[in-house]
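Trainee: Could you take me through one part of this model closely, namely how a pair of helices pack together?

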Amino acid sequence: MEISVTVNGQLYQRDVEPRLLLVHFLRDELRLTGTHWGCDTSNCGTCVAWLDDVPVKTCTVLAVMADGHRVRTVEGLADGVGLDPVQQGFAECHGLQCGFCTPGMMMTARWLLDHNPDPSEEDIREAISGQLCRCTGYENIVRSVRWAAAREAGRAAEPATEEVRA
Ligand code: FES
Ligand code: FES
C-alpha cells in the first residue's frame, strides 16, 4: 500500500506491506532508529513515539494506520538549535544508563509536560507506568522529568542526583 506519513515535519511516501508495524516503518524504512523495539508483546514501551499528538506504542500500530498522519519521534525532540529540556534533564540527572528505554521515556515525558507543566512525582510515575527500564529503576527518570519541568517554568532546577536508587 502507498502511504504518506509526515515524520518530524518531513513528508515520506512509501509502498509498504499492510502488515508492517509502525516501529519497523520508522526504523527500517526511514532509518529513524531512535525509536527502539524491545518486545513483541506491547509491554516494554521502548517504542513510544507520537502519532499526531498522542504517545503510542508504535509496535501496536500498523504503518498504514499512520497514513495521512503526523509522527514525532525522539529524533524530532530537539529543535535543531538545542536539546529539548527533557533531553537536558535526562543528561543532568543521569536518567539513563544503557539508554534503551530512554527515547520512549523522553517522548512520554515531553507529552506529559506539554499537558501538565508541573507534574508531581506520582503524575510522572503514572505517565511512564507503561514503560519499562531494565537498568536501575525509575528514581532518576522521575528526577529528570522534574528537572525539565523546573527548567521550563524558569525555576531553579533540582540538583542532579548523586545516587541511584531503585
Ligand atoms: S516494542 Fe515493547 S511495547 Fe513496543
Ligand atoms: S536505561 Fe537501560 S533500560 Fe532504561
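**A helix pair and its setting**

Mentor: The crossing of helices α3 and α5 is right-handed, a crossing being right-handed if the near helix is turned clockwise from the far one by less than a right angle, and left-handed if anticlockwise. The model is a predicted one, in which local features need pLDDT of at least 70 and side-chain atom pairs count only at pLDDT 80 or more, while totals for chains, interfaces and linings use all residues. Residues are numbered from 1 along each chain as its sequence is written, and chains are lettered from A and ligands numbered from 1 in the order in which they are written.

The axes of α3 (residues 102–115) and α5 (residues 139–153) come within 11 Å and cross at roughly 40 degrees, where axes are lines fitted to C-alpha atoms over the stretch in contact and angles run from 0 to 180 degrees between N-to-C directions. The two helices are therefore oblique to each other, since angles under 35 degrees count as roughly parallel, over 145 as roughly antiparallel, 65 to 115 as roughly perpendicular and the rest as oblique.

On the α3 side, M105, A109, L112 and L113 meet I141, V145, A148, A149 and E152 of α5, contact requiring C-beta atoms, placed from the backbone, to lie within 7 Å. These contact residues divide into eight nonpolar, no polar and one charged, with Ala, Val, Leu, Ile, Met, Phe, Trp, Tyr, Cys and Pro counted as nonpolar, Asp, Glu, Lys and Arg as charged, and the others, Gly among them, as polar. Helices here are DSSP runs of H or I with at least four residues, numbered from the N terminus.

Note on methods: Contact = placed C-beta atoms within 7 Å.
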